[in-house]
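Reader: I am new to this one. Please walk me through its charged pairs.

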Amino acid sequence: MSWEPACSMEVLAQRSRFLDEVRTFFRDKNFLEVQTGVLARYGVTDPSINNIEAEEGYLQSSPEFQMKRLLAAGSPSIFQICPAFRKDEVGRWHNPEFTILEWYHLGISERELMEEVSELVNLLLGFSSYQTISFDDLLKQSFGIDGQSEDSELHRTALDLGYQDDNMLGIIDFLVATAISRLDNRRVFLNDYPSNQSALAKLKKVGGIEVAARFELIVDGVELANGYNELTDVVELEVRMEKDNNDRVRDGLPTRELDREFIDAMKHGLPECSGVAVGLDRLFALALGLDDIRSVIAFPHQ
């Protein structure tokens with residue numbers, strides 16, 4: 001095992017320049033840079049996220065809950081660059097510790113936020129065109145099914161493609177990843193997710209069907225950003241968190257205590273806003289023409 005950094009000094013210097021560009025981008029838009037805790041009492045209920053536990057609580061998988069507490073307390077639009085942690089995520093585009101850029105823009109929709117995400121990505125990767133495709137249209141184009149299909153049909157489609165697990169979250173992730181790999185476009189926004197994939201996004205009606213006001217940006221087949229028109233209804237928030245814990249029980253995962261401090265902030269009132277998280281290590285690797293985030297991290301997890 002080498003003591004030396006995994007990436008070159010030249011890459012570290014370029015990474016530093018990228019960070020300067022990102023901060024300048026937000027300061028020019030009058031965002032406030034904030035810093036919240038990496039270690040907190042609560043984890044997240046989302047069954048697709050496995051927090052790393054510590055004696056005093058959990059290493060945070062995102063600064064989302066604490067940033068929303070700042071918004072509820074009256075902050076302006078805010079951004080943060082910080083470490084984030086997810087257990088057992090190792091691979092070319094994954095590391096248990098990674099650098100996240102998260103921002104919340106007051107008073108805009110997720111569609112407007114997509115434009116802002118494009119602006120930032122163009123700054124680092126150079127200008128390019130973007131395609132926007134709905135979740136349903138993506139699956140229809142690839143498999144002739146959509147997000148409203150029965151679980152059994154989704155499962156059968158995944159089995160035919162060689163996916164063996166029967167966990168529905170894993171099945172949907174697999175189908176989406178497979179469909180994305182078939183797209184020719186270099187930069188693709190995936191939006192209008194099914195309502196059961198809403199996470200912490202608001203719901204809206206599109207063509208008479210209720211969908212989640214959320215999006216992902218995929219660049220060269222790599223998921224780069226995940227954004228929402230943020231849920232502001234605290235009652236709906238608690239319903240979704242309880243459903244998450246029920247799904248955890250179904251999947252044999254430990255349940256998570258609900259973050260009461262976040263819930264109390266939501267009761268006080270989260271202002272209308274849209275927010276997004278961007279994997280900066282992935283963005284920096286793409287900007288440098290590299291195909292592994294270990295190439296832009298000084299000391300990745302061994």
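This is a predicted model: local features need pLDDT of at least 70, side-chain atom pairs count only at pLDDT 80 or more; totals for chains, interfaces and linings use all residues.

Reader: What makes Glu33 and Arg27 a salt bridge?

Author: A salt bridge needs a side-chain nitrogen of Lys or Arg within 4 Å of a carboxyl oxygen of Asp or Glu. The closest N and O atoms of Glu33 and Arg27 are 3.1 Å apart, so the pair qualifies.

Reader: Why is Glu33 called partly exposed?

Author: Buried means under 20% relative accessible area, exposed over 50%, and partly exposed in between (1.4 Å probe, protein chains only). Glu33 has 28%, so it is partly exposed.

Reader: What distance joins Lys204 and Glu110?

Author: Their closest N and O atoms are 2.5 Å apart, so this is a salt bridge. The pair links distant parts of the chain, 94 residues apart: Lys204 is in strand E9 and Glu110 in helix H3. Helices (H or I, at least four residues) and strands (E, at least two) are DSSP runs, numbered from the N terminus.

Reader: Is Glu110 buried or exposed?

Author: Glu110 is buried, because its relative accessibility is 6%. Lys204 has 24%, so Lys204 is partly exposed.

Reader: Which residues join into one network?

Author: Lys243, Asp247, Arg250 and Asp251 do, through salt bridges that share partners.

Conventions
Residues are numbered from 1 along each chain as its sequence is written. Side-chain values use heavy atoms; hydrogens and water are left out.
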